[in-house]
Amino acid sequence: MSRLKLILPKMKHKENIMNYKKEFIENGDSMHGSAGLSDAENFEEWYRANQDNLKEETVRDGLVPANTYLAFDNDKLVGMIDIRHRLNDYLLKFGGHIGYSVRKCERQKGYATEMLGLELKECEKLGIKEVLITCDKDNIASVKTIINNGGKIENEITEGNRTTQRYWTNL
């Protein structure tokens, strides 16, 4: 039985989400899998964009439909994870179907591995049979998370100083 629940964001989660964002900013961390939370001026802007991006008919220009989930352990928001329903050129190279983050104070507790496992089940429900998951080569924790969920490395793409590893998981 999973200790985590993946929940689609609702207005009632505003305080949890904004505290999550604040912690990432304070620690200088990247908020992967948060549907652009780091760039949103406020919660309401982020929430509207998140709702728009749930469906092909309303997805914002340049993006693909996606479900962004909040990962709760009891009442604590420990992470966020995003399923992109399809890949565009950028996602095929660098972003993949899934992006995720875990707040710094909750890392090294197995949350990312559990979140990704739950999200792969959601991918199956969406009919995604082959899931691309990418990470920076030097992000050892993410590499382990992906491998622990059946990811097989296909290749690496280097752009500037960044090397992205591309893993596929067959469902």
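Modeller: Rings of Phe, Tyr and Trp (for Trp, the six-membered ring) pair if their centres lie within 6.5 Å. Planes under 30 degrees apart count as stacked, over 60 as edge-to-face, and the rest as tilted. This is a predicted model: local features need pLDDT of at least 70, side-chain atom pairs count only at pLDDT 80 or more, and totals for chains, interfaces and linings use all residues. Residues are numbered from 1 along each chain as its sequence is written, and side-chain values use heavy atoms, leaving out hydrogens and water.

Colleague: How many aromatic pairs does the rule give?

Modeller: The count is 4 aromatic pairs. One of them joins phenylalanine 43 and tryptophan 46, and this pair is tilted, at 6.0 Å centre to centre with 45 degrees between the planes. Ring pairs also link Phe43, Trp46 and Tyr47 into a cluster.

Colleague: Why are phenylalanine 43 and tryptophan 46 about one helical turn apart?

Modeller: Because they are 3 residues apart in helix H2. Helices (H or I, at least four residues) and strands (E, at least two) are DSSP runs, numbered from the N terminus.

Colleague: Is phenylalanine 43 buried or exposed?

Modeller: Buried means under 20% relative accessible area, exposed over 50%, and partly exposed in between (1.4 Å probe, protein chains only). Phenylalanine 43 has 1% relative accessibility, so this residue counts as buried. Tryptophan 46 is buried too, with a relative accessible area of 1%. Now take tyrosine 90 and phenylalanine 94: their ring centres are 5.4 Å apart and their planes at 40 degrees, so this pair is tilted. Tyrosine 90 is partly exposed at 48%, whereas phenylalanine 94 is buried at 8%.

Colleague: Which residues of helix H2 are buried?

Modeller: In H2 (residues 43-52) they are Phe43, Trp46, Tyr47, Ala49 and Asn50. To see how they are placed, take the arc of the directions from the helix axis to the C-beta atoms. The buried residues of H2 fall within 165 degrees, so they line one face of the helix. Contact means heavy atoms within 4.5 Å. The buried residues of H2 pack against helix H1 (14-27), strand E2 (66-73) and strand E3 (76-84).

Colleague: Which residue caps the N-terminal end of H2?

Modeller: Asparagine 42 does, with a side-chain oxygen 3.2 Å from the backbone nitrogen of glutamate 44.

Colleague: How many residues does the largest nonpolar core have?

Modeller: A nonpolar core is a set of buried Ala, Val, Leu, Ile, Met, Phe, Trp, Tyr and Cys residues joined through side-chain atoms within 4.5 Å. The largest one has 23 residues, and those with the most contacts inside it include Ile98, Met115, Leu116 and Ile146. Among the elements giving two or more residues are strand E4 (98-102), helix H4 (111-125) and strand E5 (130-136). H4 provides the largest share, 7 residues. Apart from this core lies another, of 13 residues, including Met31, Ala40, Tyr47 and Met80.

Colleague: How many disulfides are there?

Modeller: A disulfide is a covalent bond between the sulfur atoms of two cysteines. Here the test is a pair of cysteine sulfur atoms within 2.5 Å. The search of the whole structure finds 0. For cysteine 135, the closest cysteine sulfur is in cysteine 123, 16 Å away and too far for a bond. Cysteine 135 is buried at 6% relative accessibility, whereas cysteine 105 is partly exposed at 40%.

How values were computed:
Polar contact = N/O pair within 3.5 Å; in protein donor to acceptor, adjacent residues only side chain to side chain.
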